[in-house]
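Colleague: I'm new to this one. Could you walk me through how to read it?

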Amino acid sequence: MKRKSTAIILHFLIRAVLGMALIFFINNYILLEEDSWQVGMNLLSFLTSGSLGIPGVCMLYGIIIYQNIGLI
């Protein structure tokens with residue numbers, strides 16, 4: 001049982017770190033001029049990318065884009 005919970009925590013941390021690295025890369029190298037479209041690197045982003053992985057990062061950017069085009 002302990003091995004299973006350790007594996008779950010390890011997979012969460014790997015997804016979270018990779019997700020935060022992806023957010024950092026996109027914010028710094030892809031969205032150079034678009035400051036309003038950058039996702040913040042905070043605890044909520046960490047938890048979202050850790051629990052959902054790459055689709056969670058895409059969801060965060062989708063929410064930002066949706067807010068910036070004036071639909072909310």
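**Reading the helices**

Modeller: Helices here are DSSP runs (H or I, at least four residues; strands are E, at least two), numbered from the N terminus. Bear in mind that this is a predicted model, where local features need pLDDT of at least 70, side-chain atom pairs count only at pLDDT 80 or more, and totals for chains, interfaces and linings use all residues. Residues are numbered from 1 along each chain as its sequence is written, and side-chain values use heavy atoms, with hydrogens and water left out.

Colleague: How many residues does helix 3 have, and what does it reach from its first C-alpha to its last?

Modeller: The expected span of a helix is 1.5 Å times one less than its number of residues. Helix 3 (residues 54-68) has 15 residues and reaches 21 Å, close to the 21 Å expected.

Colleague: Which residues of helix 3 are buried?

Modeller: Buried means under 20% relative accessible area, exposed over 50%, and partly exposed in between (1.4 Å probe, protein chains only). An α-helix has 3.6 residues a turn, so residues three or four places apart point the same way. In helix 3, the buried ones are Gly56, Val57, Leu60, Tyr61 and Ile64. They sit on the same side of helix 3 because they cover an arc of only 140° around the axis, taken from the directions from the helix axis to the C-beta atoms. On the other side, Pro55 and Cys58 are exposed.

Colleague: What do the buried residues of helix 3 pack against?

Modeller: Helix 1 and helix 2. Contact means heavy atoms within 4.5 Å. Take Thr48, in helix 2 (residues 43-52): Thr48 is buried, with a relative accessible area of 10%. Leaving aside neighbours within four places in sequence, Thr48 is in contact with Gly53, Gly56, Met59 and Leu60.

Colleague: And is Ile26 buried or exposed?

Modeller: Ile26, which lies in helix 1, is buried at 17% relative accessible area. Beyond neighbours within four places in sequence, Ile26 is in contact with Leu31 and Tyr61. Tyr66 is 40 residues from Ile26 in sequence, and their C-alpha atoms are 17 Å apart.

Colleague: What about Phe25, which is found in helix 1: what is its relative accessible area?

Modeller: Phe25 has 43%, so Phe25 counts as partly exposed. Helix 1 covers residues 2-30.
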